[in-house]
Every structure is written in C-alpha cells, then in structure tokens.
Amino acid sequence: MQFEHMFSPIKIGTKTARNRIIFPCHGVAVPLAEYIGYQVARARGGSGLNIIGPCTIHRSGGLGGPNPYYLETPEVMSSRWKQIARAVHEYGTLILVQFLHAGEKSTDHTKVSWGVSENSTDYDIDRATVPHEMTDAEINEVIDGYAVYAKAAQEAGMDGCEIHGAHGYLPAQFWSPWTNYRRDKWAAPMLFITQVIDRIREAVGKNFIISIRMSGDDFYPGPK
C-alpha cells in the first residue's frame with residue numbers, strides 16, 4: 001500500500017485514534033442538529049479524529065458572523081459539546097474542539113481589536129483599526145480563557161482541544177517577528193503559547209489531548 005499506516009491506530013497521549021484520518025475544523029453556520037449530523041457522517045465514514053468549532057475563548061478575539069458554535073459562555077458550549085461528543089463517540093471517533101482568538105485580526109469592527117503590538121500593518125485587510133497592545137493582565141486573562149473552555153470541553157466529554165495558531169491569529173502573532181514588537185517578557189516568541197499549554201494542562205490533567213494548528217509561512221512581504 002502507498003499509505004501503509006493510514007488505517008492503523010495511533011496513540012495520542014493516553015488516547016488512541018483508530019486510524020490516521022483527521023477531519024479538520026472549519027466554520028459551519030447551521031443549526032446544532034444539522035451540525036451533529038454533519039460530524040456523525042464523517043465519523044460513520046471512518047475518520048479517526050474529528051475537530052469541531054471554532055470556539056472563541058475570549059470576547060476580545062471574535063471574527064463575527066452567524067456561526068452558533070462560535071462565541072458563547074463555557075456553560076452553553078458544554079451543553080452543545082456533550083451532544084456532539086456523544087454522537088461521534090458512538091462510531092469510535094475521537095473528537096477535539098478548536099479554540100480561537102483572532103488577536104489583531106478580529107473582524108468585530110464595533111471595538112478595537114486586542115493584539116500583541118500596536119504595529120502598523122497596512123497590508124492586513126482583515127482589520128479596520130490599529131490594535132490595542134494587550135497589557136500583561138489582559139494577556140493572562142486570555143490565557144485563562146483557553147483553560148476555562150478546555151475544562152468545559154473535558155467535562156462535556158471531548159477528547160481534547162486544538163489551539164488555532166494558524167492564519168495569523170493570536171498565538172502566531174506572538175511568535176511571528178512580523179507582529180511581535182514588544183519589549184517586555186512577552187517579546188519571547190514562544191512564551192505565550194507555552195503559557196497557554198501549561199495553563200490548559202493544569203486545568204485538565206494528562207488525559208486530554210492538546211493540539212496546535214500552525215501555518216508554515218506568515219506570507220508577509222519582504223525579509224524578516
């Protein structure tokens with residue numbers, strides 16, 4: 001076989017996916033019952049791991065839009081996640097929920113977005129205003145948001161979470177030299193994401209998958 005390991009199980013931490021086929025997260029604006037059916041169809045079709053969402057973990061990082069699974073309290077999300085997890089688990093598929101904070105790319109134009117730095121990025125068409133440079137307290141508030149939603153996901157029966165660090169969203173804004181111009185401790189490129197992982201792990205223990213979605217290129221112009 002060209003892909004001899006595709007259909008073999010793989011251990012992820014303390015859990016085992018039945019194969020190497022992953023159905024990734026993407027936003028879908030449909031009623032909950034339809035969304036459950038959409039995820040179940042993939043599980044029934046043989047996927048080893050589904051990733052649902054995205055779910056915004058703090059009011060400052062939304063992208064707007066009509067997605068009903070998007071920006072709700074952990075209690076509301078937990079109720080929905082229980083139904084999704086139960087349905088997908090019936091087919092032996094693991095399930096993660098993706099956590100999002102868009103940072104300076106937030107498209108909620110009713111407020112100033114929270115970003116890593118107040119740098120000018122005129123080529124960034126996703127943002128209407130110069131972002132507010134997050135304070136140390138605000139950064140920790142956002143990190144706590146990841147942990148709170150992760151705990152709610154675990155209690156709802158999710159197998160883990162995926163931190164959205166792709167597409168230039170908040171984690172990537174910290175580790176990218178194009179967007180992190182800070183001079184305090186948060187200038188360290190990997191400090192934010194390691195703090196997020198540590199805070200989540202402290203909240204959920206070891207029996208919970210923590211995944212990170214990353215981009216291979218910033219796609220910003222010029223050398224850096």
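The legends below describe close-up views of a predicted model.

**View 1. The largest nonpolar core.** This core has 44 residues, and those with the most contacts inside it are Trp81, Val97, Phe99, Tyr146, Phe192 and Ile200. At least two of its residues come from each of α1 (32–44), β4 (49–56), α2 (74–89), β5 (94–100), α3 (136–155), β8 (160–165), α4 (170–175) and α5 (191–204), and α3 gives the most, with 8 residues.

**View 2. The surroundings of tryptophan 81.** When neighbours within four places in sequence are left aside, tryptophan 81 is in contact with Ile52, Cys55, Val97, Phe99, Tyr149, Ala152, Ala153, Ala156 and Met158.

View 3. Strand β5 is mostly covered, with 7 of its 7 residues buried. Leu94, Leu96, Gln98 and Leu100 point one way from the strand, while Ile95, Val97 and Phe99 point the other way. In a regular strand the side chains alternate between the two faces of the sheet. Strands β4 and β5 run parallel and are joined by 6 bridges, and isoleucine 51 stands opposite leucine 96 in β5. Strands β5 and β8 also run parallel, joined by 4 bridges, and here glutamine 98 stands opposite glutamate 162 in β8.

View 4. Arginine 59 forms a salt bridge with glutamate 141, and their closest N and O atoms are 3.0 Å apart. Arginine 59 belongs to the loop between β4 and α2, whereas glutamate 141 belongs to helix α3, so that the pair links parts of the chain 82 residues apart. Arginine 59 counts as exposed because its relative accessibility is 55%, which is over 50%, while glutamate 141 is partly exposed, with a relative accessible area of 33%.

**View 5. Two further salt bridges.** The count of salt bridges comes to 6, and among them is the pair of arginine 182 and aspartate 184, whose closest N and O atoms are 2.8 Å apart. Arginine 182 is buried, at 9% relative accessible area, whereas aspartate 184 is partly exposed, at 34%. The side chains of arginine 80 and glutamate 72 also meet in a salt bridge, at 3.8 Å from N to O, and glutamate 72 is partly exposed, with a relative accessible area of 30%.

**View 6. A nonpolar patch on the surface.** Phe3, Met6 and Phe7 make a nonpolar surface patch of about 320 Å². Phenylalanine 7 lies in the segment before β1 (10–12) and is exposed, with a relative accessible area of 55%.

Note on methods:
Residues numbered from 1 in each chain as written. Predicted model: local features only at pLDDT ≥ 70, side-chain atom pairs only at ≥ 80, totals over all residues. Heavy atoms only, no water. Core = buried A, V, L, I, M, F, W, Y, C linked by side-chain atoms within 4.5 Å. Buried < 20%, exposed > 50% of the residue type's maximum accessible area, 1.4 Å probe, protein only. Contact = heavy atoms within 4.5 Å. Patch = residues over 30% accessible without salt bridge, like charges linked within 9 Å, V, L, I, M, F, W, Y side chains within 5 Å. Areas by Shrake-Rupley, 256 points an atom, 1.4 Å probe, with all protein chains shown as cover. Salt bridge = Lys/Arg side-chain N within 4 Å of Asp/Glu carboxyl O. Pairing = 2+ DSSP bridges.
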